[in-house]
Amino acid sequence: MIDLGQAPQLTSGNSPSKAPFHVMAKPIGPICNLDCEYCFYLKKEELFPGTKSFRMTDEVLERFTRQYIAAQPAGTSEVNFAWQGGEPTLMGVKFFRRAIELQEQYRRPGLRITNSLQTNGVLLDDEWGTFLHDHNFLVGISLDGPEALHDRYRLDKQGRGTFQSVMAGLEVLRKNDVKFNTLTVIQNDNGDHPEVIYDFLKQVGSRFYQFIPIVEKENDGQVSYRSVGAEQYGHFLNGIFDCWLEQKDEGQIFVRDFDMMLGLVMGEPSSVCVHAETCGRAVAIEHNGDLFSCDHFVNLEDQLGNVARETLSTMLDGSKQERFGNDKRDSLPRYCRECEFLEYCYGACPKDRFSTTPDGEPGLNVLCAGYKLFYGHTLPVWEKMAKCLRLKRPVSDYQAIETLLLADLKAQGNLVGRNDPCPCGSGRKFKKCCNVAGEH
């Protein structure tokens with residue numbers, strides 16, 4: 001850690017980074033007004049011994065803002081400032097007003113700047129609601145399900161459930177017409193109730209769901225009792241998927257994992273770092289300007305530097321971070337490299353790769369069995385939905401897309417040979433794709 005009062009000099013200028021990247025900002029560090037049992041970040045306070053205030057100073061905020069904008073690669077049209085914690089609302093509205101001022105000060109012509117805020121919702125009031133609405137913040141609110149499920153682990157400092165306080169905060173967002181989505185942590189308790197959680201989130205007005213599995217490694221190498229089981233997590237995702245289809249919510253309810261899977265089947269890169277081939281372009285900045293390789297790797301070994309002495313682009317494009325990102329791919333066990341689902345998973349998040357393969361090789365993700373259940377159950381539908389998108393049809397046509405395509409071909413008088421490229425644009429031969437009825 002460095003003393004910002006010494007004002008050390010940067011080692012290089014504010015040059016653009018070589019590739020797109022994203023920074024998660026933690027302006028209050030690990031400090032939070034709640035005491036959720038599964039929170040891994042509260043312990044990060046130990047990294048800053050003797051620290052009396054974890055509030056990001058104006059000096060650090062200015063350096064971060066200036067560098068974040070300057071380091072965007074050429075051609076970047078939008079940059080997002082993502083504020084997390086701890087609990088970022090502990091900084092107060094005044095801090096974020098200043099953040100908006102600095103963003104506008106350093107914004108390049110033609111560059112769009114957006115802001116997102118992840119919060120437990122407890123401190124939200126009308127002042128927050130007005131500010132968030134006026135500045136078009138996207139708010140992620142942490143909600144683990146109905147009261148009994150939410151209050152299992154999301155407790156305040158006195159050990160009391162927080163559901164009612166969170167719902168009051170959510171009402172502030174709705175009353176002030178603030179865009180919001182929900183983040184639901186899946187653990188051993190609520191992981192058995194996908195249908196209940198899906199219907200509840202829909203009832204409270206969420207239209208974008210993000211599910212994060214809790215995996216806590218104990219000292220003996222096993223997972224904690226709070227951790228979601230591998231197959232439990234797979235069944236949970238499949239339960240959410242089945243609800244989504246049964247209630248015909250395609251195009252109405254958006255689930256992060258579903259958007260990612262459809263994009264992957266369409267040939268796009270993963271929209272979620274967890275399932276990308278490599279990682280390392282999503283970093284975290286602490287309250288004092290320290291930059292770390294990832295939100296889940298905030299430790300001394302993975303500290304890249306500090307914005308007071310190095311620029312963001314220098315740290316992101318350095319050899320240390322490059323090794324960090326490539327290690328995800330390079331350390332994959334053979335079991336994973338030979339898996340039929342490799343292109344959808346790539347071993348998932350490195351933080352969870354502490355199990356062993358059936359032949360004893362280390363480095364298997366503890367959620368592997370669950371991911372396989374999810375891919376096996378949902379891929380046939382993603383492939384049909386991808387055909388819909390290629391044909392510029394709504395994904396809701398997925399059940400009859402092959403029949404619809406053949407009808408269109410007949411109506412147009414087109415004849416497609418069995419060995420011709422399929423008109424749906426999949427890149428496969430017609431006989432291996434949409435020619436399910438054996439038409440010529």
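**View 1. Lys248 in the loop between α7 and β7.** Lys248 lies in the loop that runs between helix α7 and strand β7 (254–255), where helices (H or I, at least four residues) and strands (E, at least two) are DSSP runs numbered from the N terminus. The phi angle of Lys248 is near 55°, which is a positive value in a residue other than glycine. With a relative accessible area of 61%, Lys248 is exposed; buried means under 20% relative accessible area, exposed over 50%, and partly exposed in between, with a 1.4 Å probe and protein chains only. The model is predicted, local features need pLDDT of at least 70, side-chain atom pairs count only at pLDDT 80 or more, and totals for chains, interfaces and linings use all residues. Residues are numbered from 1 along each chain as its sequence is written, and side-chain values use heavy atoms, with hydrogens and water left out.

View 2. Ala348 is placed in the loop between α12 (342–345) and β11 (355–356), and its phi, near 55°, is a positive value in a residue other than glycine. Ala348 counts as buried, at 0% relative accessibility. Gly86 belongs to the loop between β2 (78–83) and α2 (92–106), and the peptide bond that leads from Gly85 to Gly86 is cis, with omega near 15°.

**View 3. The packing of helix α7 against helix α13.** Helix α7 (residues 230–246) packs with helix α13 (residues 368–390) at an angle of about 25°, and their axes are 5 Å apart; axes are lines fitted to C-alpha atoms, for helices over the stretch in contact, and angles run from 0 to 180 degrees between N-to-C directions. The two helices, α7 and α13, are therefore roughly parallel to each other, a term for angles under 35 degrees, while those over 145 count as roughly antiparallel, 65 to 115 as roughly perpendicular and the rest as oblique. Among the residues that meet are Tyr233, Leu237, Phe241 and Trp244 in α7, and Tyr371, Phe374, Val381 and Trp382 in α13, where contact means heavy atoms within 4.5 Å. The residues of this contact divide into 13 nonpolar, six polar and two charged; Ala, Val, Leu, Ile, Met, Phe, Trp, Tyr, Cys and Pro count as nonpolar, Asp, Glu, Lys and Arg as charged, and the others, Gly among them, as polar.

**View 4. Arg390 in helix α13.** Arg390 is found in helix α13 and, at 26% relative accessibility, counts as partly exposed. When neighbours within four places in sequence are left aside, Arg390 is in contact with Val265, Met266, Cys424, Gly425 and Ser426. Arg390 and Cys279 are 111 residues apart along the chain, and their C-alpha atoms are separated by 29 Å.

**View 5. Leu173 in helix α5.** Leu173 has its place in helix α5 (residues 163–175), where it is buried, with a relative accessible area of 0%. Apart from neighbours within four places in sequence, Leu173 is in contact with Leu124, Leu132, Val139, Ile141, Val178 and Phe180. Between Leu173 and Thr89, which are 84 residues apart in sequence, the distance in space is 14 Å, C-alpha to C-alpha.
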